[in-house]
Amino acid sequence: MIRPLQKLFLSLSIVTVAGPATASEITNEPTRTSACAISCSQPMENNCETIIAVLKVITKAVAEKDFVELAKHLDENCTTYDVGTKKTVVGRENIITSVKAKIAAEEKRLKVPAISFTIDQPFAKINGDKAVVSFILKKEVGGTNPAIFESHVTDVFVKRDGDWKKLHFCGDDWKRVK
């Protein structure tokens with residue numbers, strides 16, 4: 001059982017990126033005022049909050065289209081498998097180009113940008129200088145037809161010079177859930 005102080009520390013360290021946690025971030029309710037939130041119903045191992053915090057920074061960077069920040073957290077040899085094209089994308093710059101194109105295509109298709117992203121049900125495992133995180137990424141869009149989409153994602157990280165870098169990621173296509 002997690003002691004109250006450990007639980008408080010875990011909650012604050014998981015959801016805080018640039019400021020104090022809001023009540024909705026500490027509970028299981030995602031916040032609508034932030035570009036990225038965490039929704040987690042199970043406590044994580046003590047060392048996993050660091051990798052979840054990095055995942056939140058990456059997700060927030062994508063949500064805010066801050067590709068300079070995103071690049072800081074991608075390994076130079078990062079790879080992903082594009083389910084849509086059935087091709088592997090290799091290299092930090094190619095990944096960023098691919099992400100930009102996917103965001104533009106989604107916004108054109110939906111005719112509205114995403115309002116927020118929620119990292120739902122994250123499961124993280126760290127083994128030395130390697131880590132794996134599986135989660136459901138939820139994307140909320142607004143406009144005249146508000147909707148929520150989700151994608152099941154797995155990210156692989158490697159620790160380089162003391163910093164966690166995303167080495168590989170793969171997720172299924174967005175599915176409308178609401």
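In this predicted model, Val68 counts as exposed because its relative accessibility is 60%, where exposed means over 50%. Val68 is found in helix α4, which spans residues 67–72. Ile96 lies 28 residues from Val68 along the chain. The C-alpha atoms of Val68 and Ile96 are separated by 9.4 Å.

The protein has five helices and eight strands. From the N terminus on, the order of elements is α-α-β-α-α-β-β-α-β-β-β-β-β. The protein contains 178 residues, and buried residues make up 40% of them. Among contacts with a separation of 6 or more, 54% join residues 24 or more positions apart.

Strand β4 covers residues 114–127, and strand β5 covers residues 130–141. β4 and β5 pair in the antiparallel sense over eleven bridges. Within this pairing, Ile126 has Ala131 of β5 as its bridge partner. The two strands form a hairpin, with two residues between them. Gly128 sits in the turn of this hairpin and has a positive phi of about 65 degrees.

β5 also pairs with strand β6, residues 147–160. This pairing is antiparallel too and runs over twelve bridges. Here the bridge partner of Ser134 is Thr154 in β6. β5 and β6 form a hairpin with five residues between them. In the turn, Gly143 has a positive phi of about 80 degrees. In a regular strand, side chains alternate between the two faces of the sheet.

The largest pocket holds about 1,000 Å³ of space. It is lined by 42 residues, of which Val99, Lys102, Ile103, Leu137 and Trp174 are the closest to its centre. Two or more lining residues come from each of α3 (49–63), β2 (74–82), α5 (92–110), β4, β5, β6 and β7 (163–171). α5 provides the largest share of the lining, eleven residues. By residue class, the lining of the largest pocket divides into 25 nonpolar, six polar and eleven charged residues.

How values were computed:
Residues numbered from 1 in each chain as written. Predicted model: local features only at pLDDT ≥ 70, side-chain atom pairs only at ≥ 80, totals over all residues. Heavy atoms only, no water. Pairing = 2+ DSSP bridges. Helix = DSSP H or I, 4+ residues; strand = E, 2+ residues; numbered from the N terminus. Buried < 20%, exposed > 50% of the residue type's maximum accessible area, 1.4 Å probe, protein only. 1 Å grid on protein atoms, 1.4 Å probe; cavity = no way out; pocket = protein on both sides within 12 Å on 5 of 7 lines; lining within 4 Å. Points joined across faces, edges and corners; volume = space filled by probe spheres on them. Nonpolar A, V, L, I, M, F, W, Y, C, P; charged D, E, K, R; others polar. Contact = heavy atoms within 4.5 Å.
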